[in-house]
Amino acid sequence: MAFLKQIKLFLYSTNYLRFKPTIKYNKLFSSGAFLSSNENITYSNVKTFKHQHITLISLNRPDDKNTLNVATVDDLRKAISNFEDDPSSTIGVLYGEGGSFCAGYDPGELSEAPQDFLKSHCQKPIIAAVSGFAYNVGFDLCLWCDLRIVEENAVMAIDRKLNTSNSKIFLKRLLKTVGYSRTMDLLLTGRDIKSKEAFECGLANRVVACGSSVGQAVNMAFNVGKFPQESMNYDRSVIHELTSE
């Protein structure tokens, strides 16, 4: 329970609940009070933090709503690979800094960004803490995660104003999650899907108050990590195999 108290203290002391996540937030994560310095890794556009068995991975381009450019995709690959290779970390939490999850690819680098980096499932359970915008590849990134903790004001969408096709694996994930009719609706209209509808159709596992998704995801990760991991990961791999057919 001391761990949960630390999480609550972290959320309130950093003003994360009021969408002001940067200065105090970084100090607390890098301080010995929460994480030791050797468990804090910062890439150019991605940050990782670790506590006990949980690895937190954050997209760190808040001024651009965490859109993915080539450098960010490379950083994210490294962060995920390090998480997968760390035997002491059993579950991850993925989120975006600054109140937005990921608003898609960076338009300036859209044609250059690799389209296939989400084809393989993560080797360990990972939870998306979704706030603000989750558009296009950000939407795909949500579905790539095992579970989604979605804030009340979050929106997911396929932006049809961009003249780009979506990856086959993303469309397959979306189809298996929400069914044919709703998939075609989202594809053809490009409309926003808000948290209430996301929960009703299976895109969101939990809907939480604005600013609380990271804390709620860490809370869930802490509880999931208490279970025997070998049997749980076997069952998870079977599910992924069945849904990939």
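Does N66 count as buried or exposed, and at what relative accessibility? N66 counts as buried because its relative accessibility is 0%, where buried means under 20% relative accessible area, exposed over 50% and partly exposed in between, with a 1.4 Å probe and protein chains only. Before going further, a word on what you are looking at: this is a predicted model, in which local features need pLDDT of at least 70 and side-chain atom pairs count only at pLDDT 80 or more, while totals for chains, interfaces and linings use all residues. Residues are numbered from 1 along each chain as its sequence is written, and side-chain values use heavy atoms, with hydrogens and water left out.

Let's start with the sheet. Seven strands form an open sheet with mixed pairing, in the order β1-β2-β3-β4-β5-β7-β10. Strands here are DSSP runs of E with at least two residues, helices are runs of H or I with at least four, and both are numbered from the N terminus; two strands pair if DSSP finds at least two bridges between them. At the edges stand β1 (41-42) and β10 (206-208), each with a single partner strand, so one side of each has no neighbour in the sheet. Further in, β3 (residues 54-59) and β4 (residues 91-96) run parallel and are joined by six bridges. L56 has V93 in β4 as its bridge partner.

Helices pack on this sheet. Helix α3 (residues 70-85) touches β2 (46-51), β3 and β4, and its direction makes about 180° with that of β3. Contact means heavy atoms within 4.5 Å, and angles run from 0 to 180 degrees between N-to-C directions, with axes fitted to C-alpha atoms, for helices over the stretch in contact. Helix α4 lies across β3, β4, β5 (126-130) and β7 (147-151), at about 140° to β5.

Now follow α4 to its helical partner. The axes of α4 (residues 137-144) and α5 (residues 168-178) come within 10 Å and cross at roughly 60°. That makes α4 oblique to α5, oblique being what remains once angles under 35 degrees are called roughly parallel, over 145 roughly antiparallel and 65 to 115 roughly perpendicular. F139, D140, L143 and W144 in α4 meet F170, R173, L174 and T177 in α5. The residues of this contact divide into five nonpolar, one polar and two charged.

Most residues other than glycine have a negative phi. N66, in the loop between β3 and α3, has a positive phi near 60°. Q52, in the loop between β2 and β3, has a positive phi of about 50°, and counts as partly exposed at 45% relative accessibility.

Definitions and conventions: Ala, Val, Leu, Ile, Met, Phe, Trp, Tyr, Cys and Pro count as nonpolar, Asp, Glu, Lys and Arg as charged, and the others, Gly among them, as polar.
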